[in-house]
Amino acid sequence: MTKPTVFVTRRWPEDVEQRLAKEFDVTLNTDDVPLTQEAMKDAFKAYDAVFPTVTDKIDADVLSGDSIRARLIGNFGVGYNHINVEAAVRQGITITNTPDVLTDATADLAMALILATARRVGEGERHLRSGLWTGWRPTHMMGRQVTGKTLGIIGYGRIGQATARRAHLGFGMQIKVQSRSPVDPAILAETQAEQAGTLDELLPSCDFVSLHCPATAENKHLINAARLGQMKSDAILINTGRGELVNEKDLIAALNDGVIGGAGLDVFEEEPKVTPGLINRQDVVLLPHLGSATIETRNAMGFRVLENAMAFFAGEEPKDRVA
Ligand code: DGY
C-alpha cells in the first residue's frame, strides 16, 4: 500500500523524524528555514498532509484554489491561531493540534518568568557577567517577593490550571481566575482559587497577571493601555500565551510611566521581531518563545502529531481534531 505523503515545515526532534520516515512518505525541511508563502502553497498542492508550526502562516491565500491536495494539517503545537480555520474547513481539510503534552513545560516556564522578573534574575546575571558586581550589600538589587502574593490568571484551561497549581502549592500564592465561562468549583478548589467575573474585578487586586487565553480575534490586544492602567503600579505581567494578546507599544508606555512594575514575556506580537523599546529595559525578562522547549515535550508533541495523522489516514477520528 502506498504511504500518505507528508510535508514537515521545520526540523523536528530526531526520534520523531525517524519515526515519521517509517510511517509516511515524508519530506523533511532539513535546512530548518521557514517556508515562503509560495513554498507553503506548493506544499498544500503536492502533499496529502502538511505538518506546520506556529511560525507558518497558513492563511486564506495558502488555502485557496481548486488544486489543494492536502487533507490534513497536523499542527505541531497547541495554539493554531496561525491557521485560517474557516479556509481549511472550506477545503475539507482536517486540523489537529497537540494539547496536554506541553502543559507542564509551559506552566513551568510561566513560573520561571514570574520568579525571574520579580527577583531580577536576568538583570542580576547580566550585572555579574559584565564585571559590575562589587559584593554583597543589604540594598543590592532588591526585587519583589513571590511567595504569598496574588496571581491573576486570565484563561483557565490546562496551562492556566497547571500554572495555578505551581504558584499555589509551591509558592503559597493566592490565585484569582478570569475565564469566559464559569470554572468547575472542584477545579477552583484545588488551588483555593477565586473566579472574578470580569477583568475589571481581577486586575486591580493582582501582584502578577499571567495570560493563558487563546489568541482569538476578540482577545487581540486584550492587555492594552486601559487594562494596564487597572493593574497595581508594582504588578508584573507574564505572557507565555501569544504575543497578540498584549499591545506591546502600550506595555512599553506603561513601563516607562511606572503604571506597572515589570513584565516577563516569552511571546511577542511580531516574532521573531521584538518591539525595540523592550530590548534595553531591565524591568522585563524576554525569552524566545521557549514555553514548550524541553526535549521531552518537543518529542511528545511530535509523536502526538504522528499519532493523530496515523489515525486520520487509517480512517479513524484523530483524538486532537480541532476542525
Ligand atoms: C504552542 O503549542 O502553541 C506553542 O506556543 C508552540 O506553538
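This is a dialogue about how to read a predicted protein model.

Colleague: What should I know before reading the numbers in this predicted model?

Modeller: Local features need pLDDT of at least 70 and side-chain atom pairs count only at pLDDT 80 or more, while totals for chains, interfaces and linings use all residues. Residues are numbered from 1 along each chain as its sequence is written, and side-chain values use heavy atoms, with hydrogens and water left out.

Colleague: How many helices and strands are there in the protein?

Modeller: Helices (H or I, at least four residues) and strands (E, at least two) are DSSP runs, numbered from the N terminus. The protein has 12 helices and 12 strands.

Colleague: What radius of gyration does the protein have, and what would a compact globule have?

Modeller: The radius of gyration is taken over C-alpha atoms, and the globule rule is 2.2 Å times the number of residues to the power 0.38. For 323 residues the rule gives a value near 20 Å, and the protein agrees with 21 Å. Along the principal axes, the C-alpha atoms fill a box of roughly 70 × 50 × 30 Å.

Colleague: What share of the residues is buried?

Modeller: Buried means under 20% relative accessible area, exposed over 50%, and partly exposed in between (1.4 Å probe, protein chains only). Here 49% of the 323 residues are buried.

Colleague: What share of the contacts with a separation of 6 or more comes from residues 24 or more positions apart?

Modeller: A contact means heavy atoms within 4.5 Å. Residues 24 or more positions apart account for 62% of the contacts with a separation of 6 or more.

Colleague: Now a helix. Which residues of α2 are buried?

Modeller: An α-helix has 3.6 residues a turn, so residues three or four places apart point the same way. In α2 the buried residues are Met40, Lys41, Ala43 and Phe44. Seen down the axis of α2, these fall within an arc of 155 degrees (taken from the directions from the helix axis to the C-beta atoms), so they line one face of the helix. The buried residues of α2 pack against β1 (5-8), β3 and β4.

Colleague: Which residues of helix α5 are buried?

Modeller: In α5 (residues 121-129) they are Glu123, Gly124 and His127. Their arc around the axis is only 100 degrees, which puts them on the same side of α5. After α5 comes Gly131, whose phi is positive, near 80 degrees.

Colleague: How many salt bridges does the count give?

Modeller: Side chains of opposite charge can pair when their charged atoms come close. A salt bridge is a side-chain nitrogen of Lys or Arg within 4 Å of a carboxyl oxygen of Asp or Glu. By this rule the count is 23. One of them joins Asp61 and Lys41, at 3.2 Å from N to O. Asp61 lies in the loop between β3 (49-51) and β4 (72-74) and Lys41 in helix α2 (residues 37-46), so the pair ties together parts that are 20 residues apart in sequence. Asp61 is partly exposed at 34% relative accessible area, whereas Lys41 is buried at 15%.

Colleague: Which residue forms a salt bridge with Glu123?

Modeller: Arg120 does, with the closest N and O atoms 2.9 Å apart. Arg120 is partly exposed at 27% relative accessibility, and Glu123 is buried at 15%. Another pair is Lys273 and Glu270, with closest N and O atoms 3.7 Å apart. Lys273 is exposed at 57%, and Glu270 is exposed at 52%. Salt bridges can also link into a network, as with Asp100, Arg158, Arg304 and Asp320.
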